[in-house]
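Please have the sequence and the structure open as you go.

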Amino acid sequence: MAAKAFVVHFSAAKPSKEPFYRYPDCPSTSQSLPLKSLSGNKPAGNFNNVLFISHYTLATLHRRLSPVSAGDSDVPHPFHQIILNARNLLAGNKAALLAVPWLGMLTGLLGNLSLLSYFIKKREKEAIVVQTLGVVSTYVVISQLAVGEAMPMPHFIAISVVVATGLVLNFLNYFNMLNAGLWRFWEDVITVGGLTALPQVIWSTFVPTIPNSILPGTIAFVVGVAAVVMARMGKLSKQGVKFVRAISGWTATLLFMWMPVSQMWTNFLNPDNIKGLSASSMLLAMIGNGLLIPRALFIRDFMWFTGSSWATLFYGYGNLVCLYCSNVISKEFFLAATAGLVSWIGIALWRDTIAYGFNSPLRSLKELVYGQ
């Protein structure tokens with residue numbers, strides 16, 4: 001039976017008040033459990049933040065796939081989490097680090113590494129910097145969890161080896177200093193890893209509505225290994241080999257694309273949690289991903305364009321719609337965000353049409369989807 005997920009609230013206004021657990025899937029309940037009644041001891045130190053206790057099954061993996069924090073519905077952004085973890089470690093509050101699901105952090109790390117490899121091949125410097133920062137910041141959080149004994153040390157050592165190897169191989173390849181065979185082996189590793197994580201995260205989003213199971217990830221792992229082996233042995237056509245080589249980039253993109261779906265599912269199950277979303281974070285998510293759309297369109301990168309557009313429309317703007325419908329943000333704020341988004345997409349299509357000398361932006365979109 002899948003374990004329950006708990007949310008632990010620490011009152012900043014009344015730091016002396018005892019922290020308590022409540023069930024996020026039962027927002028209307030008034031029943032709460034004292035923290036010390038569950039752990040046996042009340043953690044030392046002052047908790048002036050909101051943290052999220054998640055069960056250590058794969059049901060929480062999707063929570064770390066967000067590029068920004070989502071208030072009470074998500075784990076804080078890695079940079080915020082680093083500061084928070086450092087404060088708790090200095091205060092001796094190791095128990096507070098249990099609030100961060102290391103399995104979810106690992107999934108996000110895998111996604112960043114996969115996209116880093118994708119953009120390394122394409123020599124997209126700005127995207128390389130973004131993904132590298134994602135890898136490094138997430139690894140710092142994982143390191144803090146290991147120091148705070150919030151994750152098994154053998155797992156941390158293995159993760160450290162993977163991260164170090166991935167970063168070295170990626171940047172050696174960027175500077176044309178890496179053997180082609182070694183790079184191909186690394187691509188096989190992230191292909192199998194990404195293909196394994198994607199269906200497992202999708203399945204786990206709906207736990208406990210559906211039974212908790214590792215079957216989707218196991219099946220995908222077997223399929224991934226079989227596909228890589230067949231490609232290596234020359235048993236696939238050229239198109240088949242090309243498809244296998246593109247799996248790692250697409251699985252990483254789809255992992256990040258799944259975050260809006262999981263967030264909206266959470267909003268559907270727990271409407272009260274919508275009020276906990278950060279409007280500024282959702283706006284930044286919309287802007288940050290929207291800024292990538294013109295470049296992806298210009299170089300005709302359908303995968304990049306799909307991921308950026310999806311995150312812009314369904315994660316950033318989609319959650320702003322939820323906030324507006326719940327009367328959390330003002331009409332002026334929502335209309336300004338809507339006007340800005342529509343204007344930016346229109347400008348991107350217009351400028352691309354001019355750059356290529358087309359008469360209609362539809363031709364740009366057609367080339368993007370079907371190729372030149």
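Glu-149 sits in the loop between helix 4 and helix 5, where helices are DSSP runs (H or I, at least four residues) numbered from the N terminus. The model is a predicted one, in which local features need pLDDT of at least 70, side-chain atom pairs count only at pLDDT 80 or more, and totals for chains, interfaces and linings use all residues. Residues are numbered from 1 along each chain as its sequence is written, and side-chain values use heavy atoms, leaving out hydrogens and water.

- Glu-149 is not a glycine, yet its phi is positive, about 60°.
- With 62% relative accessibility, Glu-149 counts as exposed (exposed is over 50% relative accessible area, buried under 20% and partly exposed in between, with a 1.4 Å probe and protein chains only).
- Arg-300, also a residue other than glycine, has a positive phi near 60°.
- Arg-300 lies in the loop between helix 10 and helix 11, and it is buried, at 12% relative accessible area.

**Helix 4 against helix 5**

- Two packed helices are described by the angle between their axes and the distance between the axes.
- The axes of helix 4 (residues 125-147) and helix 5 (residues 153-174) cross at roughly 165° and come within 11 Å; axes are lines fitted to C-alpha atoms, for helices over the stretch in contact, and angles run from 0 to 180 degrees between N-to-C directions.
- Helix 4 is therefore roughly antiparallel to helix 5 (roughly antiparallel is over 145 degrees, roughly parallel under 35, roughly perpendicular 65 to 115, and the rest oblique).
- On the helix 4 side, the contact residues include Ile-128, Val-135, Tyr-139 and Ile-142, and on the helix 5 side they include Met-153, Phe-156, Val-163 and Leu-167; contact means heavy atoms within 4.5 Å.
- The residues of this contact divide into 12 nonpolar, three polar and one charged, where Ala, Val, Leu, Ile, Met, Phe, Trp, Tyr, Cys and Pro count as nonpolar, Asp, Glu, Lys and Arg as charged, and the others, Gly among them, as polar.

**Gln-144, a buried residue of helix 4**

- Gln-144 belongs to helix 4 and counts as buried, with 10% relative accessibility.
- Not counting residues up to four places away in sequence, Gln-144 touches Gln-81, Ile-82, Asn-85, Ala-86, Leu-89 and Leu-97.
- Gln-144 and Gln-81 are 63 residues apart along the chain, and 9.8 Å separates their C-alpha atoms.

**Nonpolar cores**

- The largest nonpolar core has 38 residues, and Phe-119, Ile-142, Leu-145 and Met-151 have the most contacts inside it; such a core is a set of buried Ala, Val, Leu, Ile, Met, Phe, Trp, Tyr and Cys residues joined through side-chain atoms within 4.5 Å.
- Helix 3 (102-122), helix 4, helix 5, helix 6 (180-205), helix 10 (293-298) and helix 11 (302-325) each give two or more residues to this core.
- Helix 3 contributes the most to this core, with nine residues.
- Leaving aside neighbours within four places in sequence, Met-151 contacts Trp-102, Ile-142, Leu-145, Ala-146, Phe-156 and Ile-159.
- Another core, of 13 residues, lies apart from the largest one, and Ala-279, Ala-285, Tyr-315 and Tyr-317 are among its members.
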